[in-house]
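Subject: Structure handover

Hello,

Here is the structure for you to work with. My notes on it follow below.

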Amino acid sequence: MGISDVIPLPVVVDEELEKWTIWGKPLTDVWFTTTEKIHEIIEMGPIKNVLNWGRKNSLWFLMQPMGCCGVEMLVFGCPPYDCDRFGIFPRATPRQVDVMIISGYITRKYLPAIKNLWEQIPEPKWVMAIGECAISGGPFYDSYNIINNTGRFFPIDVYVPGCPPRPEKFIEGFRGLQEKIKQREDKRGY
Amino acid sequence: MVLKNLKMTLKRSVSGVEVTRLYPEKTMDLPDVERGVHVLDIRKCIGCGACARICPNDCIELVPYKRGNPLKNKKQKYPQIDYGRCMFCGLCVDDCPADCLTMSKVFEIAGWERDDLVYSPEKIAVGKYTDQELAELAEEARKAAEEKKRKAAEAAKAKKAKAAKAKAAEEGEKGSGEKAAKKKAE
Amino acid sequence: MTTANDVLSALQSAFPGAIEDAKVDPERQLWATIKPDKIVDVCKYLRDNHNFDHYSGAAGVDKINEGLFEVTELLASHGAHQVVALLKVKTPRDNPSVKSLTGLFWNANWYEREIWEMLGINFEDHPELYPLLLSDELVGVWPWRKDYKGYPDYTTAERAIERINSEGYMEYHIPPTEAEIEAGTVPVERPKYPSLREREEMEIKGESEMILHLGPQHAVVPGPFLLDLLVDGERVKKAFLDVGYIHKGIEKIMENRTYVQGIPITDRLCYMAALTNNEAYCGSVERLLGIEAPERAQYIRMILEELSRIQSHLLGTGEFLTLIGSAVFCPFLYMIIDREDVLTCIESVTGARINHSFVRFGGVRNDLPDGFKDMTLDVLKKVRQKTEEYKELFLSDSIYNKRMEGVGVLSPSEARRLGVSGPPLRASDTPYDMRREDPYLLYKEMDFDVITRKEGDSKARIEVRLDEIVESCYIIEQCLDQIPSGPIQEKLPKRIKPDPGEAYYRVEDHRGEMGFFVVSDGSDKPVKVKARGPVYAYFQALPPLLEGTYIADVVAIAGSMDACTSEVDR
């Protein structure tokens, strides 16, 4: 289907348009378009960079303290370290956030709950593992009740070691995530 | 009432004390005892593995590494630390007999992958030898080994002779002991 | 003045033949083995005639070599005397069963439930023997028994299988480890009990009642727990507490580490009180070893523990204020700012912000740095001034007062019955403080007041905390004046192997009575480490405290307790 089918135009215009391309794709593919096609084009082009610039500068995270790292997470959100400087802001509900911080030991009993929280977060979303327990089980790596490989359940983008990490390390981790989003190397591919 | 409660807030806001630590631009002054990333003095390490044994998290592993001092560390094995599991308790540092493992003030070690957090001796070592120094040390180590071999052979010889002597003496004693026992029995 | 020897001779005359191998060691602790059929009578006698009205906990020890289990009951008194009675009951390893003390002491409930689910010791006449901390898949395998094969478990994540349960929710099934299957120790039959949901639904009686779920995730409470409220309109009729979301098995892990390796693990027991946990553990091992830290080390420990108390109370109060939505979030931010100053002081000595791993057997890790005294005195001056400001700010605020007065009132007798300790108990007019009651370190020489309040409501608890901050400042100033120079570490062998025996050592945590019960068999690993934490008792006391209150007051009451789930779950 060409443009001359819709608007009375000479067929020459159609033939001419078929030669045109936009970012390597024929323009006619885009002309009569669907939402999917628009998404495809956004994926390819510099529009995505603009979107990612916006995303990386407003990473709201889920305030969900689980252990020692949770205490440092409270401090990270408070004036002494002031995460708002980077557009990072704590929220209390998973419906309003972009980043989930796993800040402690995941046990057999808590795994379904935290998975549920992760699935409640709207896209786009990222996940960070903060502290030894979230990365590998930490001091409790051989316990009968601890899930010692969190990476199997969540697409973790940034690993921040520390027991617990200083609030500076939270900032460092978030800057790493911002860089990763900018370079488009995050695990879920935004 | 409200004004009275607001007094504190207002006082705080005009006091001019800066509380925010501007981290990426300025790092705060950390104390000397800060427990951050390890530093391994490769010239001192004797590869005894005390750190790996004391580690409660089992995160230190001895791996082969060629840039150390072969005179002190014959097996050429040095600690590799998995920061995905290390809890920075400092027990390894306290237990190090050669005082070669210390903890620095560096804390920035976030990684994009799990494997980024495993720090090989190459990453934590300071005072690495150059190639020339290494060659000299290897030569020295070879000489020392030869010397030791020679000494060991001598010692073995001496030991053998001593053992033979001792055996002879023991047999003599045993004989006398038996005689005594016989006498007693009679 | 009652002494341990008096109690022992009274016991021996009252129950001839029921007491086996009793001893008094050290002077305030009475150890005795009681015949299993007499334990309830002995405890009743002690409670009624000798003022042992504080049930402090129970520990189950698996003595696999002797083929028996040992349950140690810890009894103490709320200030009438200072004797701690540690009564042991032995039971055979196959078909173990002990008489329950829930009829005498209300708060024995949770301690006995925990021993049942972890070791499989049955408690006769226990009203509700349901699992407390473990998920359903682990009930019946008895994980704290020495012959449990699933312990070093490195592949939990790899074995997990995702599935949808009958209610349509996703859950994970984690099959037993290979070692367990090989040894054939996978239980064929698991104990039968109603689940939490079934128990809740049994309680719903009328049309107007419903269940309100709070948790497990919450934005300012570090540590998840589930609080289910059966409500009738605005009133809470009954509260159900489900803990164990972060059960890590610390006691099992410490049995498999050497004594020194256990120190960093005790930090993670309760991260706000890392130093006092260290102190309690090291103190009990020091008792086993028969050593004492040098004087300077004891002063350093006291200074840091009091600094740690200040930061914990600041954060606890701040969290509480955020929970009740007071004064638009501001005091919390101020308290965090002040807490950072205190943390800087602690960090300059220990090298870590939260988990210090600082106290060692017979000493401390580092000496005080140069200029510590001046820095600390500056900070203390500031903290003291700020604390006065906070008191003025929200304790004189009429809205705050109306919100908090008479909310969650614990009467002195009720508080003792529920077994709480620390600030909530002291707010209920009971001057019970380990620093006075069972003086450890050099608190005997210090001059300080035990803060109490008469009211016993949420407001009183916060007042007690704020006053304790000022009192701690005073103690630190005395310590800094008196601290002598000298060594900071006793000489110890490299491999620590205490003689066979047991020790119990308790300290005043920031939240109450913290005790460590350590059993040694002469090897380099402890047989049993039992942590008796204060928050465990708070949590147990929470459901009865919440009954009959408004929903809006639930967070105020729970927040004023300053709870830390990590220590409950362990």
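To begin with the contacts between chains: 43 residues of chain C are in contact with 39 residues of chain A. Please keep in mind that this is a predicted model. On the chain C side of that contact, four elements each supply at least two residues: α4 (156–159), β9 (170–173), α8 (262–267) and α11 (330–350). The largest share comes from α11(C), with 4 residues. Sorted by class, the side of chain C that touches chain A has 25 nonpolar, 10 polar and 8 charged residues.

Chain A also touches chain B, with 26 residues of chain A in contact with 20 residues of chain B. The elements of chain A that give two or more residues to this side are α7 (132–136), β7 (156–160) and α8 (167–182). Of these, α8(A) gives the most, with 8 residues. The side of chain A that touches chain B divides into 12 nonpolar, 5 polar and 9 charged residues.

Domains

Chain C is assigned two domains, domain 1 (1–141) and domain 2 (250–569). Their C-alpha centres lie 26 Å apart. The contact between them takes 21 residues from domain 1 of chain C and 22 residues from domain 2 of chain C. On the domain 1 side, β3 (54–63), β4 (68–76), β5 (84–92) and α3 (108–119) of chain C each supply at least two residues, and β3(C) gives the most, with 6 residues. By class, that side of domain 1 of chain C has 9 nonpolar, 10 polar and 2 charged residues.

For chain A the assignment gives domain 1 (15–54) and domain 2 (59–182). The C-alpha centres of these two domains of chain A lie 36 Å apart.

Chain B is divided into domain 1 (31–128) and domain 2 (130–160), with C-alpha centres 28 Å apart. The contact between them takes 4 residues from domain 1 of chain B and 6 residues from domain 2 of chain B. The 4 residues on the domain 1 side are 2 nonpolar, 1 polar and 1 charged.

Helix packing in chain C

I looked at two helix pairs, and α19(C) (residues 551–560) belongs to both. Two packed helices are described by the angle between their axes and the distance between the axes.

In one pair, helix α17 (residues 458–482) of chain C packs against α19(C) at an angle of about 30°, with the axes 9 Å apart. Angles under 35 degrees count as roughly parallel, so α17(C) is roughly parallel to α19(C). The crossing of α17(C) past α19(C) is left-handed. From α17(C), the contact uses C:Ser458, C:Arg461 and C:Ile462, and from α19(C) it uses C:Ala556, C:Ile557 and C:Ser560. By class, this contact has 3 nonpolar, 2 polar and 1 charged residues.

In the other pair, the axes of helix α10 (residues 295–323) of chain C and α19(C) come within 9 Å and cross at roughly 180°. Angles over 145 degrees count as roughly antiparallel, which means that α10(C) is roughly antiparallel to α19(C). Here C:Glu319, C:Phe320 and C:Leu323 of α10(C) meet C:Val555, C:Gly559 and C:Ser560 of α19(C). The classes in the contact of α10(C) with α19(C) are 3 nonpolar, 2 polar and 1 charged. C:Ser560 is named in the contact with α17(C) and also in the contact with α10(C).

A sheet in chain B

Chain B has an open sheet of 3 strands in the order β4-β1-β6, with mixed pairing. β4 (101–103) and β6 (125–126) of chain B stand at the edges, each with a single partner strand, so one side of each has no neighbour in the sheet. Strand β1 (residues 38–41) of chain B pairs with β6(B) in the parallel sense over 2 bridges. Within this pairing, B:Asp41 has B:Val126 in β6(B) as its bridge partner.

Regards

Key. Residues numbered from 1 in each chain as written. Chains lettered and ligands numbered in written order. Predicted model: local features only at pLDDT ≥ 70, side-chain atom pairs only at ≥ 80, totals over all residues. Axes fitted to C-alpha atoms, helices over the stretch in contact; angles between N-to-C directions. Parallel < 35°, antiparallel > 145°, perpendicular 65-115°, else oblique. Left-handed = near helix turned anticlockwise from the far one by under 90°. Contact = placed C-beta atoms within 7 Å. Nonpolar A, V, L, I, M, F, W, Y, C, P; charged D, E, K, R; others polar. Pairing = 2+ DSSP bridges. Domains from an automatic or database assignment.
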